[in-house]
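Hi everyone, thanks for making time this morning. I'd like to walk you through one structure, so please have a look at it first.

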Amino acid sequence: MSASRSSGTTDALGPEEGPEGEPGAAAGPVPGAIAGAELLAALLDGMDAALCAFDADGTVTHWNREAERILGWSAEEAVGRPGFAGWAVRRADAGEVQGRLMAVMDGPGRQVHEFALLRKDGGRVLVRTQSAGVRGADGKPAGVYCAFSEVHAQIDLERAIALSEALFEDASWGVVLVDVDLRPTVVNAHAARALGGGRTTLLGRPLGELIAQGVEELEGALQHVLAEGAPPAPAELWVTLRGGEGDRRRCWHSGFLRLASPLAEEPVPLGVGWVFQDVTAAKLAAQEADRVRFRSNQLHRASRTAAECEDPMEAATSSLDYALAGFADHALIDLLAGERLVRAAATPSDEPGPCLPVTGGGIPLRYVPGHPALQAVDRTGSVRASAGSGTARAGGEWATERRWPADSVHALCVVLRSRGRTLGVVTFLRSSHRAAFERPDAVYAESVADRVAASVDLHRAVNSGPPRPGPSGHPSPSGA
């Protein structure tokens with residue numbers, strides 16, 4: 001039996017009945033019309049909050065299903081009782097509780113109170129109430145309605161709301177809500193800065209407009225969450241962002257949550273909650289540390305191997321073999337002979353392989369003036385060079401003109417120096433699948449070149465070879 005039916009309410013929806021024949025007179029019940037009492041009962045029973053109402057004398061007139069769930073008293077047991085005394089509140093507290101509830105009948109607005117109410121099984125439950133007065137058709141106070149919920153449930157709700165507001169205002173990580181069409185619907189301030197836009201300008205835009213590279217991986221993760229649920233662990237996503245200052249490469253440590261409507265009987269996906277932190281600096285630092293550790297290990301292994309080589313030239317080529325791992329695709333050793341450079345050793349030009357002495361060497365290389373290897377000799381230092389982005393690079397003409405393997409697009413030429421003399425140049429070459437050489441790469445290459453130069457110098461000291469450089473670093477005319 002519903003609360004409204006218990007109270008005897010019989011108001012019907014529709015035009016008010018008047019004298020027969022006058023405007024507004026009811027022509028009879030509308031087929032299928034819902035009586036006002038039935039509609040009110042359905043509304044009250046469907047509320048998420050417990051609700052009860054009192055008339056002007058303090059008698060309970062309405063009691064919904066949520067109130068029955070919290071306190072255990074049914075509508076039949078509650079409606080018609082004179083207040084809460086002795087059943088829903090201890091008699092010692094009944095006067096104070098009833099007085100505070102009914103006091104709102106003569107005042108404006110709502111009042112919030114916390115009371116300890118009694119359950120039907122004798123237990124006590126702390127509730128938070130919101131009460132307000134009800135006025136009749138004549139404008140006079142007619143009673144009070146009171147909505148209440150358990151305090152812990154109310155606190156949980158307030159915490160959830162506070163957490164939501166904090167995440168979207170002051171969080172130190174990015175928070176984005178994405179709808180089922182994979183478009184941002186809510187973006188917090190941190191995420192807006194990371195994505196390079198404003199909190200409102202990013203809403204509703206496809207992610208592909210914000211991310212130049214990596215958007216497929218991100219959208220794939222979002223679609224997986226919508227279909228299967230949240231992954232067991234966060235993921236690291238590398239993306240390239242579009243921006244007025246050029247593309248920016250970033251790494252985001254991302255977590256995903258599938259959002260479902262709490263109002264539906266079956267979970268209905270509302271979208272995905274995406275939480276991320278920018279860990280680019282940490283990832284780059286870790287990568288650099290791994291790179292330095294690996295290269296140091298390679299240098300150590302190269303030194304141990306070179307120490308076991310009887311032929312110093314074999315020691316030089318072995319050092320290059322270890323250096324090439326993860327660093328470059330090709331390596332060349334060009335030694336000074338007179339005023340020209342002569343190819344002494346090289347890796348295969350058409351496939352990966354070890355660096356080996358050139359058979360039948362001794363013919364000077366036809367390097368054109370301004371060649372990076374010649375520049376390294378003149379400067380007694382390292383020279384970096386890269387092909388352009390035009391047809392010369394695509395057709396391999398850039399590399400062919402410089403007497404390098406056709407797939408080379410990045411070069412690093414490092415001078416070979418030993419005992420204050422220039423011996424030649426070692427050249428490292430990368431193909432298009434690798435990035436251009438940078439300053440840390442040059443530092444590593446110079447360390448390798450020092451070992452190669454020492455081995456080449458020892459080879460010349462114990463074997464006949466190309467003319468030895470003079471004290472100034474340039475070839476001696478006599479070859480001595």
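Let me start with a question: how close do the axes of H9 and helix H14 (residues 439-462) come, and at what angle do they cross? They come within 11 Å and cross at roughly 5°. Axes here are lines fitted to C-alpha atoms, for helices over the stretch in contact, and angles run from 0 to 180 degrees between N-to-C directions. H9 and H14 are therefore roughly parallel to each other; the cut-offs are under 35 degrees for roughly parallel, over 145 for roughly antiparallel, 65 to 115 for roughly perpendicular, and oblique for the rest.

Before going on, some ground rules. This is a predicted model, in which local features need pLDDT of at least 70 and side-chain atom pairs count only at pLDDT 80 or more, while totals for chains, interfaces and linings use all residues. Residues are numbered from 1 along each chain as its sequence is written, and side-chain values use heavy atoms, with hydrogens and water left out.

Now the overall picture. The chain has 14 helices and 17 strands, which are DSSP runs numbered from the N terminus (helices: H or I, at least four residues; strands: E, at least two). Of the 480 residues, 39% are buried, meaning under 20% relative accessible area with a 1.4 Å probe, protein chains only. Among contacts (heavy atoms within 4.5 Å) with a separation of 6 or more, 51% link residues 24 or more positions apart.

Back to the helices. On the H9 side of the contact with H14 we find Glu-288, Arg-295, Gln-298, Leu-299 and Ser-303, and among their partners in H14 are Tyr-444 and Arg-451. Helix H9 (residues 280-307) also has helix H10 (residues 312-324) beside it, with axes that come within 9 Å and cross at roughly 160°. H9 and H10 are therefore roughly antiparallel to each other. Gln-298 turns up in this contact too, along with Arg-301, Ala-302, Thr-305 and Ala-306, facing Ala-315, Ser-318, Ser-319 and Tyr-322 in H10.

Next, the sheets. Strands E14-E13-E12-E17-E16-E15, in that order, form an open sheet with antiparallel pairing; two strands pair if DSSP finds at least two bridges between them. At its edges are strand E14 (356-357) and strand E15 (382-386), each pairing on one side only. H14 packs on this sheet, touching E12, E15, strand E16 (408-418) and strand E17 (421-431), and its direction makes about 50° with that of E16. Within the sheet, strand E12 (residues 330-337) and strand E13 (residues 340-346) run antiparallel, joined by 6 bridges, and Leu-336 stands opposite Leu-341 in E13.

There is another open sheet of 6 strands, also antiparallel, in the order E7-E6-E11-E10-E9-E8. E7 and strand E8 (211-213) each have a single partner strand, so one side of each is left without a neighbour in the sheet. Neighbouring strands here are turned by 45° against each other on average, direction ignored. Helix H8 (residues 215-228) packs on this sheet, touching E6, E8, E9, E10 and E11, with its direction at about 15° to that of E10.

Two details to finish. In the hairpin of E6 and E7, with 5 residues between the strands, Leu-182 takes a positive phi near 65°. And Ser-261 sits in the loop between strand E10 (248-260) and strand E11 (269-278), where, leaving aside neighbours within four places in sequence, Ser-261 is in contact with Val-268 and Leu-270.

Technical notes. Buried means under 20% relative accessible area, exposed over 50%, partly exposed in between (1.4 Å probe, protein chains only).
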